[in-house]
Amino acid sequence: MKTSGGDDGAKRRAGESAADRIEDGQVVGLGTGSTAAHAIRALGRAVDAGADVEGIPTSYQSRQLARECGVPLTTLEEATPDVAIDGADQVAGFDCVKGGGAAHAREKVVDAAADRLLLVVDPSKESGILDHPVPVEVLPDATPTVRDSVADLGGEPTLRAAERKDGPVVTDNGNLVLDCAFGAIEDPSELAATLSAVPGVVEHGLFVELADEVHVGAESVEVRTR
Ligand code: 5RP
């Protein structure tokens, strides 16, 4: 499983803390990444113990893990998530950058559809200001024009390369990812809206004002609620 670094014990504490919030009968958006995976495993144990929950996966990875853990699955066509649990690459307040696993397009759809979004992170993800490169999923044919638009906005776009395949990362949706460094992002809402308006951008990894809780897996888990 891909991970963006950080202490696995801290990730486990954060993921399990959020999974503890899930109530019987709820539909849960299942985020992607190594921290959200701990929440999925905890939900699997709850299901084994008799809990009645269903999951809506945000990626191939979270679907496979949920199946392995015995979490029953549903879809956005059949249910609305009561809550979503998802990781992040960087968090400032209740805003974050996601997409380290290139799953941010489906993550945003499911996370935004949920009544509540619980972010789960280890302490290394916390920051005073967002300055992590923003992953931008693009239609393959639009890569040159989106790259130019990002440069016009003052960003430095880098096509994400695959690690065990020649060429670029191809998302679960068949698209490519530009990691766009903007330095410190003073106004995440404005940048989010500007990127969304660029033709060929499928989705970007700035999640602004979507999170309701942040579970930080310090020695004792810190939960911030909006
Ligand atoms: C995937 C994501 C992940 O949630 C993010 O990269 C954090 O991953 P991890 O929990 O492994 O550090 O956005 O697209």
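Helices (H or I, at least four residues) and strands (E, at least two) are taken here as DSSP runs, numbered from the N terminus. The model is predicted, so local features need pLDDT of at least 70 and side-chain atom pairs count only at pLDDT 80 or more, while totals for chains, interfaces and linings use all residues. Residues are numbered from 1 along each chain as its sequence is written, and side-chain values use heavy atoms, with hydrogens and water left out.

The axes of helix 1 (residues 8–20) and helix 2 (residues 34–48) come within 7 Å and cross at roughly 50 degrees; axes are lines fitted to C-alpha atoms, for helices over the stretch in contact, and angles run from 0 to 180 degrees between N-to-C directions. Helix 1 and helix 2 are therefore oblique to each other, given that angles under 35 degrees count as roughly parallel, over 145 as roughly antiparallel, 65 to 115 as roughly perpendicular and the rest as oblique. Their crossing is right-handed, meaning that the near helix is turned clockwise from the far one by less than a right angle. On the helix 1 side, the contact (heavy atoms within 4.5 Å) is made by D8, K11, R12, A14, G15, E16 and A19, and helix 2 contributes S34, T35, H38, A39, A42, L43 and R45. These residues divide into 5 nonpolar, 4 polar and 5 charged.

Of the 15 residues, 11 are buried, so helix 2 is largely enclosed by the rest of the structure. Buried means under 20% relative accessible area, exposed over 50%, and partly exposed in between (1.4 Å probe, protein chains only). Among the buried residues are A36, A37, I40, G44 and V47. Their cover includes helix 1, strand 1 (27–30), helix 3 (60–69), strand 3 (83–86) and strand 6 (116–121). Just after helix 2, G50 takes a positive phi of about 110 degrees.

Most residues other than glycine have a negative phi. A102, however, has a positive phi near 60 degrees. A102 lies in the loop between strand 5 (95–97) and helix 4 (104–113) and, at 9% relative accessibility, counts as buried. E209 also has a positive phi, near 55 degrees, and sits in the loop between strand 11 (206–207) and strand 12 (213–216). At 54% relative accessibility, E209 counts as exposed.

Definitions and conventions: Ala, Val, Leu, Ile, Met, Phe, Trp, Tyr, Cys and Pro count as nonpolar, Asp, Glu, Lys and Arg as charged, and the others, Gly among them, as polar.
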